[in-house]
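Dear colleague,

Please find below the structure that I am handing over to you. My findings follow it.

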Amino acid sequence: MRQVRIEYDDQVVRQFAFASILFGAVGLLVGVLIATQLAWWQANVAPYFSFSRLRPLHTNAVIFAFVGNMMFAGIYYSTQRLLRVRMASDLLSRIHFWGWQAIIVAAAVTLPLGITTSKEYAELEWPIDIAIAVVWVVFAINFFWTLAKRNEKHLYVALWFYIATIVTVAVLHIVNSLALPLTPWKSYSIFSGVQDALVQWWYGHNAVAFFLTTPILGIMYYFLPKAAERPVYSYRLSIVHFWSLVFMYIWAGPHHLLYTALPEWAQSLGMLFSLMLWAPSWGGMLNGLLTLRGAWQKVREEPVLKFFVAGVTFYGMATFEGPLLSIKSVSALAHYSDWIIGHVHTGALGWNGLMAFGLFYWLLPRIYRTPLHSKRAADAHFWMALLGIVAYMLSMWVSGVNQGLMWKATGADGTLTYPSFVETLLAIRPMYIVRVLGGTLYLAGFVLMIWNLWKTVRAGSPANAVVEVVVDDTPKPEDRVSIGTVLAGRPLWFTVLGFLLATLFVFVSAVPAVLLAVAVLVVSEIGYLVAKRAAAAGKPSWFGIIERRPLAFTVLTLVAVLVGGVAELLPTILVKQAVPHSGEAQQPYTALELQGRDLYVREGCYVCHSQMIRPLLAEYQRYGEASRAEEFIYDHPFQWGSKRTGPDLHRQGGRYPSLWHYAHLVDPRQTSPGSNMPAYPFLATHRIDVALGARKLELMRRLGVPYADEEIAAAATSQREQAATVVADLAANGVEVAWDSEMVAMIAYLQRLGRDRGVAPTRTEAVATEGVAAGGGR
Amino acid sequence: MYRQFFSGLESAALPLAAMAFFVLAFVLVLARTFFWKRKSDYDPIASLPLDEGEGRSRNEVQP
C-alpha cells in the first residue's frame, strides 16, 4: 500500500479543446461556404477557393481538426483519471499537440493549392502523411507508456476503444498512404484501379469507424456516466459492443463500391457485414441511453446531457441508415446522390458534433474551476444545432431521393425521362438552399458556444487537478497468470472455432449447413457450461485476466481488426487484374494524358464526377457501357469518385469535340445552362511542366505500367505531337491556345476516357449530338 | 486459390443465411449478457469513471 499524489496534465486537455473549437469554426465556415457554392456557383473564387478544392479542406478540417482535437482532449482527460496517473511524458504530449496542429495548418495550405492525392479523407500528400504517422506514433508511445505506469490495474471500457483507435488508425493510414513520390508535393498510389478503390474505401469507411466512432464511443462511456452521475447501464453489454464492433466494422468498406467493378464476393461481404453492424451499434446506443434510466429529469435541466442524449440518438440513426444504404437495391438508388451526404452529416453534425459540444460544456468549466457562464445560451445552442441538423438532413434526403429517381426515370418508350443531367440539378436546387440555411444555423449555434465558453474561461483560472490516491500493489491472482494462460483462454478459442464454423457455413449446401449450425450451438453450449463451472469454482474469469493486460488486449484487438482487412484486401491484391473479360486491357496513358490526369486530380474533379458506370439500365442509357475492372489497371490512383453533382465521365472520351470541352471548362454555363460547376478559365493560360512528363512515365513504370524506354525518352516530343492535334482542332474553331497549356493537357485526358481498345461503342452519333444540343454534360 | 474460393459464393443466399445465423448468435450473446452476470467482475469497473477525486485506487477495494 502506498499513497500517491498525482497532478494531472490538464494543460494538454485545454490546448486540444481550444484547437478543436478554433478549427471546428473554420471547418463549419468552409462547409457553409461550399454549400453556398453549390447553390450559387458565383461564390466560387478560382482557382484556390473553388468548390472542388475547398471540399477536401472542409472534410479534413471537420474530421481531423475538429473531431480529432476534441477526441484527443477527451482521451487525455479521461485516460489520466481512469488510470490514476499523469500522462507518461509531458514532452510527448506537447509534441503530439503541436505536431497535430502543424499537420492541420499544412492541410489548410496545401489543399486550396491543389496539392492532393485525391483519395477521400486521405488527400494530404506524402510528406504530410509521414508527419501524421510520426505524430500518431508519438501519441501511441505516450498512451501505452501511461498504461504501463498506471496505478489502476483495471482497464475501463473507454480505454479499450482508445486502444482500438490507436492501433487501427495506424494500420489504415500506413496502408492507404503507400505511394511513390514524384516531387516533394506529388506522389502516385502504389495501388491502382480496383485494388486502389478497395484499399481506399477500406480506409475511408474505417476512418469513419475508428476515428469518428470508436474514440467517441470511449468518450461516451466515460463522460456520459459522469454527467449522469451513475455507472453505465450494462458494463457487460459494453464488452459485447466493443468486440463485435471492432471485428465487424473493418469488413464493411466495400459497401461504398456496390455495383462497381469490384468483385461480386467483396461487395456481398461488405453488404453482409454492414447489415450485421446494425446490431452492435444499436447495442452501444441503447447502453448509452439506458445509462440515464431513472435520471431522465436531469436531461431537462442539464444542457450537457441534452447534447449527449441527442448525440447518441443520432449515432443510432446514422448506424441504422448506414446498413440500410448498404443494401444493394437501396444503394442502386442512393449511391452518388445527396442522400449519402445527408447520411454522413447525420453522423458528423449529429453524433460527432453534439458529443463534442456536450464534452466542451462539461469539460471547460471543470478544468477552469468555474460554473458554465450561461446554461440558457447552451440550451439555445442545443436547439439551434438540432434544427440546423434536421434542415440539413431533410433537405439532403429529399434531394438525394429525387436525384436517384430522376436519374433512373424512363418514359413509356423506354428512354430516359431526364436525359440532360442539368435537369436533375435544377430540380434539387431549392434543397441546396435549405442546406445552406441549416448549416448556417448550426454554425450560428457554434458561435454562441464559443462566446459562452469564452466567458466561462475568462471567469475561471486554469489549474491542473491534483488527487491523492492509495495504491495497492499487492499482486492479485489475475496478475500472476502467464501470457500462455491468456492465449489459452476458452472464450478466445470458442470465438475462433465459432468464426471458423461460421465461415464454413457459407460454402456448404443445405444439409451440411444445418449440421454446422447445430455444431455451432453445441460449441456455444459447451462454452457456456465450462465457463459456468469455472465461475462456480471461484476461478478468475478470462475477462478478469485479459482486461488487466494491455499488451495482450492490444494484440487481440489488432487481430480482430486485421482478420476482416486481410480477408478482403489480400485476395483482391493477389488476383492479377489484367485479365480482361473482353480480351483487351487498358492501354497506358500518354505523357500528355498523364499530365492532364494530374490536373484532373489537382482540381478535384473527382469530387463531383464519377468514373464508374454501374451495370444498371439507366446508367447504360445515360453514360454507356458499364465500367469493367480491367479498364483501370493503370489508374494510379483510381478516380471512381463517390458523388455525382455532375455526370459520370468514364465514357466521356470522343463524346464531344475539343471545342465543347474548352468552352465548358472556361464557362460551364456556355455548354450546360444551369450548371453549378466552377469555371476553370485559368487552365488556358497556365502551362504544364513538359519536362516532368518523362519522370511521370518513369515513375509509373516503377509501379508496373509497361512503358518502353523509347516512350519515356520521347515524352517531350510525344506531348507536343499529341497537343498539336488538340490545338489544331481548337484553332479550326477560332480558339488560340498554347500547346503546353494546362487546358490542352486536360482536354487530351478527357478525350481519352473510356476509349481503350475492346470497349464497344455504345452510343450513336445521333444520341451524342442530341446530348450536346440539350446541354447533356454538366 | 482465393478466386476459386470466393467464386463459389451464391451472393443472394449468403447474406440471408448468414444474417439468420448472426441474429441467432446475437440473441444468444445478449441473453448471456443480461441474464448471467458475474457482478464481482464488472460492477467495480463500471463505477471507475465515478471515482474521480475520491482519492482511492480501485485496487484497494478488490475482493
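In this predicted model, the centres of domain 1 and domain 2 of chain A, taken over C-alpha atoms, lie 30 Å apart. To the contact between them, domain 1 of chain A contributes 32 residues and domain 2 of chain A contributes 23 residues. The division of chain A gives domain 1 as residues 2-407 + 439-471, domain 2 as 477-574 and domain 3 as 591-773.

As to confidence, chain A has a mean pLDDT of 90, with 94% of its residues at 70 or more. Residues 761-778 of chain A, however, have a pLDDT below 50; this stretch makes 40 contacts in the model beyond near neighbours in sequence.

Within chain A, helix H13 spans residues 338-367 and includes A:Gly358. A:Gly358 counts as buried because its relative accessibility is 0%, where buried means under 20%. Leaving aside residues up to four places away in sequence, A:Gly358 touches A:Val304, A:Phe307 and A:Phe308. A:Gly24 is 334 residues from A:Gly358 along the chain, and their C-alpha atoms are separated by 14 Å.

Yours sincerely

Notes. Residues numbered from 1 in each chain as written. Chains lettered and ligands numbered in written order. Predicted model: local features only at pLDDT ≥ 70, side-chain atom pairs only at ≥ 80, totals over all residues. Heavy atoms only, no water. Helix = DSSP H or I, 4+ residues; strand = E, 2+ residues; numbered from the N terminus. Buried < 20%, exposed > 50% of the residue type's maximum accessible area, 1.4 Å probe, protein only. Contact = heavy atoms within 4.5 Å. pLDDT = per-residue confidence, 0-100. Domains from an automatic or database assignment.
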